[in-house]
Amino acid sequence: MRTHLDPSELGTKQYWDSFYAREITNHTSNASDVGTIWFDDSGAEDKVLERLDLWSDEQEADKHVLRKTESDGRPASRILDLGTGNGHMLFALRDEGWEGELVGVDYSAESVTLARQIGAKRKEDQDEEEGEVRFETWDLLNQEPGEWLGEGFDAVLDKGTFDAISLSEETDAQGRRICETYKERVVPLVKKGGLFVITSCNWTKEEILHWFEGEELKFFDEGPYATFTYGGKTGSSVCTILFQRR
C-alpha cells in the first residue's frame with residue numbers, strides 16, 4: 001500500500017492561482033463558462049449528492065444524519081466545501097434543494113474570486129431568491145478557521161483537495177509531508193455525528209481508509225462507481241468515502 005505520492009506541480013499554490021486566474025478571465029468573457037468541474041467524467045458530484053440525499057431526513061434511511069431543509073424547529077444542515085474551486089459543488093447542492101448555510105473555502109484567492117463571480121451571476125439570473133453561498137479564502141493547513149466555522153459543520157466535503165495536497169512536496173515543522181497533517185486539521189471542522197465526505201482519484205478506497213479511519217472517524221458509507229479488473233484486482237478509478245465523526 002502506498003504511503004505517499006510523488007510530488008507534482010498540481011500540489012503547488014502557484015499552479016492553482018494561475019489556473020483560476022485563467023478561469024476568471026474565461027468566465028468574464030463568457031458567463032456560461034463556469035470552468036472545470038472536477039471528476040465530471042466519473043459523475044463524482046452526482047455520487048456525492050446522492051449519498052447526502054440518502055442520509056438526509058427527507059429520505060427513508062435508517063439513520064438521519066443530515067437535514068436538507070428546516071424540520072421540527074431544527075435548522076437545515078451546514079455544509080463546508082474544502083478546496084471549493086469554482087464553487088460548483090455547493091451551487092449543485094443549492095439547486096438540489098439544500099437550504100442550510102453553505103460555505104466554500106480555498107487557499108487560492110483567485111478560486112474564491114471566481115466562485116463569488118459565478119455566484120453573483122447566478123443571483124442575477126435567478127427568478128427567485130436563493131440562499132447565498134458563502135466563499136472565503138482560507139489555508140486549511142496554515143490558518144485557524146474564521147468566524148464562519150461557528151459550531152462546526154454537519155458535513156464537510158473534499159472533492160480532490162486531499163489529492164492535491166498529497167502531491168505537494170512541502171513539509172511541516174516536524175518534517176512530515178503536509179498531507180500527513182490534513183486529518184488533524186479537518187476533524188475539528190466536523191460536528192460530532194457529522195459526516196466527512198472525501199472523493200479521490202489518486203488514492204484507492206483501502207488507502208483512504210488507512211489515511212482517515214480511526215478513533216475520531218469511522219467508515220459510514222461509500223458512493224458506487226463502475227469497477228474494472230486488472231491484474232486479478234478489482235477497483236475503480238475514483239472513490240467517494242463517507243466517514244462519521246464519532
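A: What follows goes through the core, then the sheet. Keep in mind that this is a predicted model.

Start with the core. The largest nonpolar core has 33 residues. Within this core, Phe196 and Phe212 touch the most other members. Helix 7 gives the most, with four residues.

Now zoom in on Phe212. Leave aside its neighbours within four places in sequence. Phe212 is then in contact with Phe162, Tyr182, Lys183, Phe196, Ile198, Leu217 and Phe243. Another core lies apart from the largest one. That other core has 31 residues, among them Leu52, Phe91, Val112 and Ile118. As a general rule, nonpolar side chains in soluble globular proteins tend to be buried together.

Seven strands form an open sheet, in the order 3-2-1-4-5-9-6. The pairing is mixed. Strand 3 (133–137) and strand 6 (217–223) stand at the edges. Each has a single partner strand, so one side of each is left without a neighbour in the sheet. From one strand to the next, the twist averages 20 degrees.

Look inside the sheet at one pair. Strand 5 and strand 9 run antiparallel and pair over six bridges. Thr199 has Thr240, in strand 9, as its bridge partner.

Finally, a helix. Helix 4 (residues 109–125) lies across strand 2 and strand 3. Helix 4 runs at about 160 degrees to strand 3.

How values were computed: Residues numbered from 1 in each chain as written. Predicted model: local features only at pLDDT ≥ 70, side-chain atom pairs only at ≥ 80, totals over all residues. Heavy atoms only, no water. Core = buried A, V, L, I, M, F, W, Y, C linked by side-chain atoms within 4.5 Å. Buried < 20%, exposed > 50% of the residue type's maximum accessible area, 1.4 Å probe, protein only. Helix = DSSP H or I, 4+ residues; strand = E, 2+ residues; numbered from the N terminus. Contact = heavy atoms within 4.5 Å. Pairing = 2+ DSSP bridges. Axes fitted to C-alpha atoms, helices over the stretch in contact; angles between N-to-C directions.
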